[in-house]
Amino acid sequence: MLGAATGYVLGSRAGRERYEQLARTYRRVADHPAVQGAAGIAKAKAVDAVRATAGLRKDS
């Protein structure tokens, strides 16, 4: 989200062509397998934290 917002602001100042360049770069990075893996890990940790906070954590 932060990257998209930054890209939008910078792109709007630099013109449509620069915005499209930033958007392509963002999509290329976001679609990279390493980024996808890190996002999956972060999501799993966030879910665990919410469960622990809510007292719903399952015992292994």
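**Figure 1. Confidence across the predicted protein chain.** The protein chain has a mean pLDDT of 82, and 85% of its residues reach 70 or more; pLDDT is the predictor's confidence in each residue, from 0 to 100. This is a predicted model, in which local features need pLDDT of at least 70 and side-chain atom pairs count only at pLDDT 80 or more, while totals for chains, interfaces and linings use all residues. Residues are numbered from 1 along each chain as its sequence is written, and side-chain values use heavy atoms, with hydrogens and water left out. Confidence is lowest in helix α1 (residues 2-14), with a mean of 72, and highest in helix α3 (residues 33-54), with 91. Where pLDDT is low, the predicted coordinates should not be read in detail.

**Figure 2. Helices and surface of the protein chain.** The protein chain holds three helices and zero strands, in the order α-α-α from the N terminus. Helices (H or I, at least four residues) and strands (E, at least two) are DSSP runs, numbered from the N terminus. Of the 60 residues, 5% are buried; buried means under 20% relative accessible area, exposed over 50%, and partly exposed in between (1.4 Å probe, protein chains only). The accessible surface is about 5300 Å², and carbon and sulfur atoms account for 59% of that area. Accessible areas come from the Shrake-Rupley method with a 1.4 Å probe, and for residues only the protein chains shown count as cover.

Figure 3. Y26 belongs to helix α2 (residues 16-30). Y26 has a relative accessible area of 40%, so the residue is partly exposed. Apart from neighbours within four places in sequence, Y26 is in contact with M1, G3 and A4; contact means heavy atoms within 4.5 Å. G7 is 19 residues from Y26 along the chain, and their C-alpha atoms are separated by 8.1 Å.

Figure 4. V35 is part of helix α3. With a relative accessible area of 35%, V35 is partly exposed. When its neighbours within four places in sequence are set aside, V35 is in contact with V29 and A30.

Figure 5. The 22 residues of α3 reach 31 Å from first C-alpha to last, close to the 32 Å expected at 1.5 Å a residue. The expected span of a helix is 1.5 Å times one less than its number of residues.
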